[in-house]
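Please consider the structure below.

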Amino acid sequence: MSESSSPPFASEKALKRLRRRRAADRRFKWYGRLAIGFALSALALLLASIATQAVSAASYHVVAFDLDVDRETFGNVTPDALPPVDEVYRRVHEDLLARFPEAIDDPAKRHALNGLITRLAVLPEARAIVRDRRAVGAVRHVRLPLSDDLDLYLKGAIARHLTVPVGRVDAVQDVETGTISLTGEGAFTRLLTATSLEGVPSPGMLGGGSVLLSAGLSTLKASSLDSSGASGTLLTGTLQDFRTHPVRAQLILAPESERPVTDQQIAWLLALKADGRIARVPHWSLLTHTDSTQPELAGALAAIVGSLLTLLVTAALAIPVGILASIYLEEFAPRNRVTGLIEVNINNLAAVPSIVFGLLGAAVFLGAFGLPRSAPVVGGLVLALLILPVVIIASRSALKSVPQSVRDAALAIGASRMQTVFHHVLPLAAPGMLTGAILGMARALGETAPLLLIGMVAFVAEVPRSPTDEATALPVLIYSWATQAERAWEPMTGAVILILLTFLIAMNIVVVFLRRQFERR
Amino acid sequence: MLSELGHLPMDFLLLAAAVTLASLGFIAGRLRAEQFSFNGDEHPNSRPNAHGYFVLMWSLVPVVLVGLGYTFFGEGTSRAILRSELPAGFSILSPGELTTYIETVARAARMPDFLSGERVFDTVTDRYGEIRGTLNLLTLLLACVLSFGGMVLARRSLSPAFRARQHVESGIEWFLFLCAALAIATTVGIVASLVFESMRFFAEVPVWDFLFGTRWNAQTSAEFGALPLFFGTFMISFLAMVVAAPVGLFAAIYLSEYASGRVRAIIKPLLEILAGIPTVVYGFFALLVIAPTVRTVALWINAQLIAWGLADGALLAAQPTSALAAGIVMGIMVIPFVSSLSDDVIRAVPQSLRDGAFAMGATKSEAIRQVVVPAALPGIIAALLLAVSRAIGETMIVVMAAGQRARISPDPTSDLTTITVQIVSLLTGESEFDSPKTLSAFALGLVLFLVTLVFNLVAITVVKRFREKYE
Amino acid sequence: MDGTRAENAAMGTGVLPDAPDASVRMSCRHINVFYSGKQAIYDVSLNIADRSVTALIGPSGCGKSTFLRCLNRMNDTIEGCRVEGEILMEGKDINSPSIDPVLLRSRVGMVFQKPNPFPKSIYENIAYGPRIHGLAEGREDMDEIVEKSLKRAGLWEEVKDRLTAAGTSLSGGQQQRLCIARAIAVRPEVILMDEPCSALDPIATARIEELIDDLRKRYCIIIVTHSMQQAARVSQRTAFFHLGALVEVGDTDQIFTSPRERRTEDYITGRFG
């Protein structure tokens, strides 16, 4: 700069000032970049956090059972009988008791064992037995979903844990009933290092995490641990396994009292896993089941159908009315005070909070007209009024974009105004109108608040068959699942959000496609 | 017999009647018109199809009107009749209980062959079925008679000189007008229902106590001081605007003034995704990610303040759900509302003003800050107003992430409640609007509607003026 | 840049007939301008004399405005626009990276076709330039600059009582004089005018032309105009552009009475354009 900064082109003072101004200029541009960066990273964070949850819920753990559907118990099952849930569940329970005899005499352990599979989990199987008479008298090979907390434990979502190989031990002794000690020179050094690294207080101390040692099908809970030996109580299996199999340790960092899964249940899980009876499979029931009180059994089918029925009503009302209204306002309305009022009114309606439409629905459709509560027909009506301004505004701009020359040409050959509009203007504006209609429908699909007020938040366990049946909708299902206390609902909610977003993305792809077609023309 | 008629599929029957009668009308009109063209000397004014449509119109309108009346008022009328016929013994029930009872009866009557085994209930249900059956029959008869009458009258008025096409077209124009007027009807419906229910509420709770009372406890005891709700709404909207206003504005400036065409084509749709994500998803995001983060940070600040000896105890409330969490997420949600409209108005500022500033030797940021933004200021203010209106009325994020506790606290990490949260919690699962508790939701709704109305109208007017100035 | 080259620049290239009696303010050599690859100006070389009015004339789309915008690098603000060649001012190429366009524009002011006052008060419109360039020390100084600029633009008497009124509230001619005053306020040496009267009525036009004639005593003025009468009335030298090329340049009287080029003659006699 030295050469050009010399007078006469600019004084020293002006240059100094210029440097300051240029710095301000660069700063200002950076503010813009930062703002864009903030908005985009917020979007990325939102999508990533939902995707993580959804991926976790996309698969779940099931346990294999061989159900003996004997004639004695199930022989009198008829197609109109209630599904024999209790009988099937008793079979499952007996099967587990036979596998883990240590629970037979201990009511607390039996209760914990029941916690592996919930009673409702057998409902689909019980229904299948009712439906299919041939099932009776045969052994059914079934896979039942593991209860939600254990599923989350295996996925590593709750009670963080890690597995450390220990290897073979030199000696195994039965110290007293149920208590075993394992000894091996230096066998536990690695485990001790891991425990101290992970900050697990020494095992056996109250309030600390747990260390489970397992070999083959057997597991013990360590109560004392040093570099050359460990001792503890046998949770499941036999002492013999520790002599013949290599030992592996599972470190669970959270204290037993602070997590929903007990050490005993984990020991059983490890045994079932060693049996090869636990598998992680795709979670199709999310799409094929209806809502349930148990997260592992719940699905979004009823809500998907409910949303579709609602949208059907919305589309049937909002799209034709919106398009016809826009035609009136754009092509026929005289420019007077009434149309001016309608115009301001439409612009304002587009910005009225959606919950106010819910209040309207509750007071007028439910209260004054006595239409059924929780029904897609009412939801559809309310959402139709909600998106009507959106459809009208979009359709009007589509009509505005049709060149005046088209109208002039049609009028000049003696077409009436009505014929001009419906034969010549409308076909040209149609893609734009369709775009607006789809965007309006996308808005309706995502609305929650108005549906809450007209009672579409009810627990619906049956797929609605008509717009007057009780139903719920996808966004409402998301709301009810997201506000449940149990952790297992979080990934489930993420998965339903993904379903909802998939629908929305599909709609938007159609819009983009339409726009491109339209622009090419 | 009559109660069996109560199960008629009325939607289907009315639709079928409409289609049949309309077709009949069209055929009748067209046949009549074809006779003109064969034996008339003069050229008929309209083509035969237009005559057909004319008769069709007059046969269809009565069916549609009767059908709409039936759909909206049928159920209410039947229930009112049933209620008036109930024996005196029912007077021990409160109005609310009576409504619930009748609703149960109506639901039972909808199921074929329903028998509860309770004599009184079954008798009432049967009577309700009879009322419905009578109503159904009357409706169908009325629709057919009126439609047929319309058809006959319309057909009689046909003649070669009859301007059928003009009549049909003005009929269609009326129909188009009615569609447009539905938007007005919606507003009237909103205002009427809010005002009506609010009046009932204010008959029991003085307006003054509602607007300026500081204790809100509608669920358990009858305390209806809504000031804490107004405060919570204001606080969360303010926090949202603290996020959205600078981010949205600078994003708009960057997109309209700095970004190249290609960058703009990528970033603008990405920002608009933010506006397309359903609010319930934002609520889940707030609950899952932002609220725990806010709490962790607040706890850390508390610990630091204590460690440095600046505070004796916890300074921030650090609740699991907080105004700040809801505010941040709501701010993210309204960013595109600010940026998109601001971008529009900034781009509408004529290039000549920028040229003028550059020609004076202004740097780009000086031109933007001192000339372009001031010129676009009305539009930018309108964008901010619309965003505030959006934030005030937003429901799902606050329902999920703001809390239920009505209180006035300047601490953003404490949980506050808002107008919309209370409307949802008061009305979810309620079917009868007869207690001050449920009616108060409508009073809150009225306040919400009026406040957002003011913001919207100012914004709409300002934007309109701005457009007129530069376009 | 060494002195010899600067001197050469001042003397002109020899190809073009330069006005020998006036010192050269700006010297353009072999200017080519491209808009996203399409060429708009073809190899234009032109010297511009100080303290006189140079008019650029030619049919619409001939590139005279584009050329004008090169002189204060306004073309920088258009995406995809590229300028080649040298424009020397006091021996320095204004297109060199070491010259900040912001400083350049403070010395080469510009007035546009349509009056474009900022949406601010009359006072603020004038004060804007001095403020961003830091030309005024304090309020009184600024008041003086505003008054002087308005007086020089012949607007002072009309607006002195309403300096706080919006600049857009003035009439079209007044607005254009306001824009001229605004340009003067930054104390430029060169003022570029891009058809400054095309949006004005004849009376306002006459006033602006008077003003231009007055300003020429202090400034170097380059004016683009589509009106040959205007060029003849206000300018001392005239350059005729056609299809992006400079056809002929010379004293205004000579161009209008005895043009050397056939195309110039066709244009001024109204046979095309």
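Q: Which residues point one way from strand β6 (residues 108-111) of chain C, and are they buried or exposed?
A: C:V108 and C:M110 point one way, C:G109 and C:V111 point the other way, and all are buried. A residue is buried if 20 or more other C-beta atoms, placed from the backbone, lie within 10 Å of its own. This is a predicted model, in which local features need pLDDT of at least 70, side-chain atom pairs count only at pLDDT 80 or more, and totals for chains, interfaces and linings use all residues. Residues are numbered from 1 along each chain as its sequence is written, and chains are lettered from A and ligands numbered from 1 in the order in which they are written.

Q: What makes β6(C) and strand β7 (residues 190-194) of chain C a pair?
A: Pairing requires at least two bridges found by DSSP; these strands have four, in the parallel sense. In β7(C), C:V190 is the bridge partner of C:V108.

Q: Why is helix α19 (residues 474-482) of chain A described as largely enclosed?
A: Eight of its nine residues are buried, so the rest of the structure largely encloses α19(A). Among the buried residues are A:L474, A:Y479 and A:W481. The helix itself is a DSSP run (H or I, at least four residues), whereas a strand is a run of E of at least two.

Q: How many residues does each chain bring to the contact between chain A and chain B?
A: Chain A gives 74 residues and chain B 73, contact meaning C-beta atoms, placed from the backbone, within 7 Å. Helix α2 (residues 12-57) of chain A gives the most to the side of chain A that touches chain B, with 19 residues.

Note on methods. Two residues are in contact if their C-beta atoms, placed from the backbone, lie within 7 Å. A residue is buried if 20 or more other C-beta atoms lie within 10 Å of its own, exposed if 12 or fewer, and partly exposed in between; C-beta atoms are placed from the backbone.
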